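Thanks for asking me to look this over. Here are my notes, point by point, with the model shown first.

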Amino acid sequence: MRIRYRTLLLSAAAIVAASLAGGCAQMGYYMQAAQGQFALMAEARPIDDWLADPSAAGKLKTRLVRVKEIRQFAAAELGLPDNGSYRSYADLKRPFVLWNVVAAPALSLEPVKWCFPIAGCVNYRGYYSKAAAQEFASELRQQGLDVQIGGVPAYSTLGWFDDPVLSTFIQYSDGELARLVFHELAHQVAYAKDDSQFNESFAVAVEEVGVERWMARFGDDRARSAYRDYKSRKQDFLALLLRHREALKDLYASDATDADKLTAKAALFASLKDEYQVMKTGWGGYAGYDRWFAEPLSNAHLASIATYHDFVPGFRALLQQEKSMSAFYAAVRRMAGQDRDLRHQELAALGEPPRLASQQPGGSMTQ
């Protein structure tokens, strides 16, 4: 599973306005965001230009043809925006488009939030330079916060720009490639300011439904088998994280002293790491999640799990209730305009968040 924290970048005008209002420190952050976004767009060329380029590699052209098919399916069959996004390609010559910094207190799973003029308040700060992300992470650690730096293969600009296909994910398998495109386009359909949990859970629900339909229509036996394996591993890994998240929540809410909580916290993270190694053995040594353990485990690693998954059952139930994608999107946009607590209550009533009893290893949770 690739846990993807994504940065929702600002328009050029908003960046300038915010930097002037926020002082020198904020100006530096917004300027690197603006420069990174525009550098990315400068690298993008229409997919058809790449396909006509005799110097482009055959393997790349094969993947770009697949993207065109996925993009057409997204618009025609899923009702996702039929615009310029994912109709160009950029070779970034780096493993990730950016690096996100997530932080949480030492004895809490509530992520620190940062607020921006258009994206609202989100649970991360994104940097186009890994060194800049590490520098900011160091500042946060000096404040006593738990911190994680995560590489990001893709993000959505919410329709402010035509998001290109990137070299950071073009070689994904068909199922994973379709999932990512459907997910990012979903962010252009509906967006609730200051509510990452709503936005990301909605996009995950769309990606799940989209890949199910894509595989039913176009997947061959090999592609379906690869995606089943991908989903199974993701579900196993997510179940592992959820169990330890719940154990940590119980620990932090207990009457134990802070010193005892810190000791027990370290033991729980050690257990998570050990159980992951056992899980890898069951997967035949698959190491796709190893980079999640690249830094010492902390609350920041688990702080955003709920953001991406807790409301997915509610959105899936809402789609069943509305019966069509267009009616589903209209209902989601209506919810996005509601009070945050009200829409959370509505989603909770539609479908309960994952429970530990149904999330033991080997289950069928989706990635």
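Between which two strands is the loop in which Lys93 lies?

1. Lys93 lies in the loop between β2 (88-90) and β3 (98-104); helices and strands here are DSSP runs numbered from the N terminus, helices being H or I with at least four residues and strands E with at least two. Although Lys93 is not a glycine, its phi is positive, about 55 degrees. Lys93 is exposed, with a relative accessible area of 70%. For the terms, buried means under 20% relative accessible area, exposed over 50%, and partly exposed in between, with a 1.4 Å probe and protein chains only.

2. Please keep the ground rules in mind: this is a predicted model, where local features need pLDDT of at least 70, side-chain atom pairs count only at pLDDT 80 or more, and totals for chains, interfaces and linings use all residues. Residues are numbered from 1 along each chain as its sequence is written, and side-chain values use heavy atoms, with hydrogens and water left out.

3. A second residue with positive phi is Leu158, which is not glycine and has a value near 60 degrees. Leu158 lies in the loop between β7 (146-152) and β8 (165-166). Leu158 is buried, with a relative accessible area of 18%.

4. For the overall picture, the chain has 13 helices and eight strands. Of its 367 residues, 54% count as buried. Among contacts (heavy atoms within 4.5 Å) with a separation of 6 or more, 77% are between residues 24 or more positions apart.

5. Now to helix α6 (residues 196-218) and helix α7 (residues 221-252), whose axes come within 10 Å and cross at roughly 155 degrees. That makes α6 roughly antiparallel to α7. Axes are lines fitted to C-alpha atoms, for helices over the stretch in contact, and angles run from 0 to 180 degrees between N-to-C directions; under 35 degrees counts as roughly parallel, over 145 as roughly antiparallel, 65 to 115 as roughly perpendicular and the rest as oblique. On the α6 side the contact uses Glu207, Val211, Met215 and Ala216, and on the α7 side Ala223, Arg224, Tyr227 and Lys234. By class, this contact of α6 with α7 has five nonpolar, no polar and three charged residues. Here Ala, Val, Leu, Ile, Met, Phe, Trp, Tyr, Cys and Pro count as nonpolar, Asp, Glu, Lys and Arg as charged, and the others, Gly among them, as polar.

6. Helix α6 also meets helix α3 (residues 58-78): their axes come within 11 Å and cross at roughly 115 degrees. The two are therefore roughly perpendicular to each other. Arg66, Glu69, Ile70, Phe73, Glu77 and Leu78 of α3 meet Gly210, Arg213, Trp214, Arg217 and Phe218 of α6. The residues of this contact of α3 with α6 divide into five nonpolar, one polar and five charged.

7. Ser196 is also in helix α6. Ser196 is buried, at 12% relative accessible area. Leaving aside neighbours within four places in sequence, Ser196 is in contact with Cys121, Val122, Asn123, Ser201 and Thr307.

8. Helix α11 (residues 312-322) and helix α12 (residues 325-336) pack at about 125 degrees, with their axes 8 Å apart. That makes α11 oblique to α12. The contact is made by Phe315, Leu318, Leu319 and Glu322 of α11 and Met325, Ala327, Phe328, Ala331, Val332 and Met335 of α12.
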